[in-house]
Amino acid sequence: MKKFFLMIVVSLLIFNINNVYSQFQSNTELVKIKTYSSFDKIYPGTEFKIAVKVNVQETWHINSDKPKEDFLIPTDLTLSDLNGFQLTKEVYPEAKEYTFSFSETPLSVLEGEFFIGALIKVDTSVIPGKYRLVINLDYQACNNQSCLAPTSVSDTLEIEIADKSTPVNQINQDIFEKINISEAPLSVQNSNSENSVSSTLEKSGLLVGLLFVFIGGLALNLTPCVYPLIPITIGYFGGQSEGRTSRLTLMGLLFMLGMAVTYSIVGVITSLTGAVFGALLQNPIVILIIVAIFIILSLSMFGVYEFKLPDSWVAKAGGAKGGYFGAFFMGLTMGIVAAPCIGPFVLGLVTYVAAKGDPLFGFLMFFVLALGLGLPYLFLAIFSGKIKNLPRAGMWMDAVKHIFGFILLGMALYFLLPLLPKEISGYVLPVFGIIAAAYILLFDKAAKGVKGFTIFKTVFAIAVVSLSVWSLIPTENPSIQWQPYSDSALSTFEGKKGAIIDFYADWCIPCKELDALTFSDPNVIAESKKFITLKADMTKSLAPDVSALREKYKIVGVPTVLILNSNGEEVKRITGFVDAQEFLEVIKSVE
């Protein structure tokens, strides 16, 4: 009897030991994780995303990061201590709520396959090289009857820290599209300019940062995006002002303020929504509004009306005339005109504002940027307004206003071009130039008899006609043999070094500069034959197919040129205009 009792006790003990062991063993296999990085290389002083794919065994679940019962252990993603690396943010998936036998209230749980996203910050002191990051997932697993003891599972992610002269490529984008980590910066390949902008702003105080942005705004005047503002400013202020310095100064300030207001709003909206910077100009309604404004303003130059405030407003303002209102209104419009194209500096600022996620901060940054952009136009407004007062008053002033009126009409046609059929769009401005010059030379009788101005008017008209006729002469412009972008075109790279994808828009001036000066270079054309060459039209950027393309390649602005290797991996990203020699060096470096 004693032996029988002893055998039962031993059997129960063995059973319990086996049960505990099997439960422990199954606990370690219940959850498996795999970690992915958003970049193949990372720069010191930046943040990068990771995605942790979690698989929970069927019939089991783990608690969410915020379980509803105090006795349940939350799921927590951690990074093992490693000097120079810090986990700064985790993004957990939306939990499910189920009721189980051991709880009367629904519990918040995760099950099946899901992704956890996180940001890891790399300190500036981290030296280039390869590092192994140990990612830990602490969790408590339960089924419908009971919960196991809390445990953890780990995965090792190998990353490479590179110096800032090394190209960096986005990887695993199909995975990261499933995770919304809005604070993560878009520090993509060849992003030295963007990194330097973000790094400078991060290290400096607010006042120093604003000064840096203001200087950046001044530098934007050296880019072709703002070229249209020069004739517009001369045309408007040359015909609207009365020449007094104080009045011209105030009008110029209001023009600059209006530009700053619109530019900052556009910048914040596009940076927070991820839309292509300046995409407003692909909206037909916006284009037609801008065209209408130019036409209305030009009519005042031909004496159809006088652009001024209502008399009651004028009286309350102590006699201030309508040029003030017109200058501010004109500046509001010019904020949109200044926004179509994007360069590395603005791309860096867009990235930084998007990472902050603070609309007020974004508005302030872009407002100051636009003040820097608009400052030269304050002086241009004063100078162009004073043109009227150089000689003594006379009928010649009306002739000057007519010239300015034609300039504004020309700008209206320029912004209308994207809506016109491509078959005729190349002829519109040259034909208009010939008509305008003929009118000024043959039919405009203002200032007739003023010898000096007649000579100027004749030379001006002949120059416009000559340029227009030259533009109409058909020419064979050599260029890269582009194909329209399609996914199928990238399905095979057989016999090619890689692919060149040019993202452009019809309203983008630097895009046209790339076509005219860079892609037409004989050496560039010869080297490009080793690549698949595709053009992606981003003109209608609100269209679903274009939006999908923008999201797929993370296009923030145009022009953007992507260089892919033969494996389809991005090795270089170019934003803004680059000359032929620089572009040639880039594509020659692809192996």
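Modeller: A polar contact is a pair of N or O atoms within 3.5 Å. The structure here is a predicted model.

Biologist: Which backbone oxygen does the side chain of Thr-518 reach, and at what distance?

Modeller: That of Val-578, at 2.6 Å. Thr-518 itself lies in helix H15, residues 509-518.

Biologist: Is Thr-518 buried or exposed?

Modeller: Buried means under 20% relative accessible area. Thr-518 has a relative accessibility of 0%, so it counts as buried.

Biologist: Which residues is Thr-518 in contact with, leaving aside its neighbours within four places in sequence?

Modeller: The list is Glu-513, Val-524, Phe-577, Val-578, Asp-579, Ala-580 and Phe-583. Take Phe-577: 59 residues separate it from Thr-518 in sequence, while the C-alpha to C-alpha distance is 8.6 Å.

Biologist: Now the helix pair. At what angle do the axes of H13 and H14 cross?

Modeller: Angles over 145 degrees count as roughly antiparallel. The axes of H13 (residues 422-443) and H14 (residues 451-472) cross at roughly 155 degrees and come within 8 Å. H13 is therefore roughly antiparallel to H14. Their crossing is left-handed.

Biologist: How many residues of the contact of H13 with H14 are nonpolar, polar and charged?

Modeller: Twelve are nonpolar, four polar and one charged. On the H13 side, the residues include Tyr-427, Pro-430, Ile-434 and Leu-441. Among those they meet in H14 are Lys-457, Phe-460, Val-464 and Leu-472.

Definitions and conventions
Residues numbered from 1 in each chain as written. Predicted model: local features only at pLDDT ≥ 70, side-chain atom pairs only at ≥ 80, totals over all residues. Heavy atoms only, no water. Axes fitted to C-alpha atoms, helices over the stretch in contact; angles between N-to-C directions. Helix = DSSP H or I, 4+ residues; strand = E, 2+ residues; numbered from the N terminus. Parallel < 35°, antiparallel > 145°, perpendicular 65-115°, else oblique. Left-handed = near helix turned anticlockwise from the far one by under 90°. Contact = heavy atoms within 4.5 Å. Nonpolar A, V, L, I, M, F, W, Y, C, P; charged D, E, K, R; others polar. Buried < 20%, exposed > 50% of the residue type's maximum accessible area, 1.4 Å probe, protein only. Polar contact = N/O pair within 3.5 Å; in protein donor to acceptor, adjacent residues only side chain to side chain.
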